[in-house]
Amino acid sequence: MSLAEPPLLELCGVSRLFARRQDMIGRLAARAGLVAAPQAVRAVDGVDLQVRRGEVLGLVGESGCGKSTLGRMAAGLLSPTRGRVLYRGADFAAMPAGAARRARLTVQMIFQDPYASLNPRLRVAEIVGEAPRVHGLIDGDEQAYVDAQLRRAGLDPGYKRRYPHQFSGGQRQRIGIARALAVRPEFLVCDEAVAALDVSIQAQIINLFMELRDQLGLTYLFISHDLGVVEHLSDRVAIMYLGRIVEAAAVEQVFGRPNHPYTQALLAEVPRLETRRRRFTAIAGELPSPLHPPAGCHFHPRCPHAMPRCRAEAPVLREIAPGHRSACHLNDRA
Ligand SMILES: Nc1ncnc2c1ncn2[C@@H]1O[C@H](COP(=O)(O)OP(=O)(O)OP(=O)(O)O)[C@@H](O)[C@H]1O
Ligand code: SF4
Ligand SMILES: [Mg+2]
């Protein structure tokens, strides 16, 4: 990437609020005025993040910290409550409708459960061919175009007359990938894209992602619970905690010299050789509710280094070494 080139994707002060999800009784009680109106969840809170062309940015954090919400905003599927999402320097929200539609096509999302996003009544050929046909991306023969996408995703085009339920989980993920590739994206947001697969199938899909990166020059935002997977395939890693990015750096810096106490806790909890399926289970203390995040540094109730200042003042995510950002008051002491 040249120095003058803007990042492929840039999130500038991006926040997203949701009204709290309520069950039926809660909704009826609120409507009848028996309880207060639903509170807001700040799923993503003032995130500044850049993704450079051609890189794999891993995004990790405990369940509910806002990874999927951030991913959906990055893919232009959800608009921020505050802040801007810039794609090649242009704001999705400010683009004319046609340009926004084209820009959104270049960012595709791959989900954990491809089955849920594949229409069970359509054959694979229709699933893969529909969007590029609608958007006028196919110059020649549609079937040849579909066959090429299937082959690129490692599927035999001979099976394209079949329905999604006739495939295994790994093959269905490949159908989802072929469908995404068919609209010629340059950026894939993968949200737990291998989490539901067996380990051996996971490895195959990860290899496919990396081959596609080389062949097509793709850029990835790779969201995962699995620290081993993230360490394996990311160039840079961002660590998220209760809606905020707390640390972001090159993968070697995050895994080799983690700065933020939360990152240190994540990495300390399982011996390093066991990287393959490291998950977050053993950090001391409960993950607070995103409805009532602790004041100051959200991590202070679980942090072994918490000081009075941490309870009152939110630390700013700032550069502590070239390319290494962390949000912790301990960095002010040096
Ligand atoms: N559509 C919605 N309506 C209300 N609340 C929502 C909505 N989507 C997400 N949230 C809330 O926002 C917070 C962040 O959710 P999100 O799904 O982004 O987290 P996540 O990090 O992807 O979690 P997981 O690892 O479990 O997938 C959670 O508290 C969640 O309940
Ligand atoms: S700011 Fe304070 S509470 Fe937060 S991680 Fe740093 S030392 Fe811990
Ligand atoms: Mg999620």
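Author: To begin at one point in the chain, H6 is followed by Gly154, whose phi is positive, near 80°. Please keep in mind that this is a predicted model.

Reader: Understood. What is the mean pLDDT of the chain?

Author: The mean is 90, and 92% of the residues reach 70 or more. Over residues 272-277, however, the pLDDT is below 50. That stretch has six contacts in the model beyond near neighbours in sequence. Where pLDDT is low, the predicted coordinates should not be read in detail.

Reader: Back to H6, then. Which of its residues are buried?

Author: In helix H6, which spans residues 142-152, the buried residues are Val146, Asp147, Gln149 and Leu150. They cover an arc of only 160° around the axis, so they lie on the same side of H6.

Reader: And which exposed residues does the face turned away from the buried side carry?

Author: That face carries Ala144 and Arg151.

Reader: What covers the buried residues of H6?

Author: The cover includes helix H5 (124-134) and helix H7 (169-181).

Reader: Let us turn to the ligands. Which residues are closest to ligand 1?

Author: Ligand 1 is surrounded by 13 residues, and the closest are Phe18, Ala43, Ser63, Ser68 and Thr69. Two elements give two or more residues to this shell, namely strand E2 (40-51) and helix H2 (67-74). H2 provides the largest share, with three residues.

Reader: How does that shell divide into nonpolar, polar and charged residues?

Author: The shell around ligand 1 has five nonpolar, six polar and two charged residues.

Reader: What about ligand 2: which residues come nearest?

Author: Of the 14 residues around ligand 2, the nearest are Cys297, His300, Cys303, Cys310 and Cys328. By class, the shell of ligand 2 holds ten nonpolar residues, four polar ones and no charged ones.

Reader: You mentioned strand E2. In what order do the strands of its sheet run?

Author: The order is E2-E1-E4-E5, in an open sheet of four strands with antiparallel pairing. E2 and strand E5 (90-91) are the edge strands, as each pairs on one side only.

Reader: Over how many bridges do E1 and E2 pair?

Author: Strand E1, residues 9-19, pairs with E2 over eight bridges, in the antiparallel sense. Within this pair, Leu11 stands opposite Leu49 in E2.

Conventions
Residues numbered from 1 in each chain as written. Chains lettered and ligands numbered in written order. Predicted model: local features only at pLDDT ≥ 70, side-chain atom pairs only at ≥ 80, totals over all residues. Buried ≥ 20, exposed ≤ 12 C-beta atoms within 10 Å, placed from the backbone. Arc of directions from axis to C-beta. Contact = placed C-beta atoms within 7 Å. Near = placed C-beta within 6 Å. Nonpolar A, V, L, I, M, F, W, Y, C, P; charged D, E, K, R; others polar. pLDDT = per-residue confidence, 0-100. Pairing = 2+ DSSP bridges.
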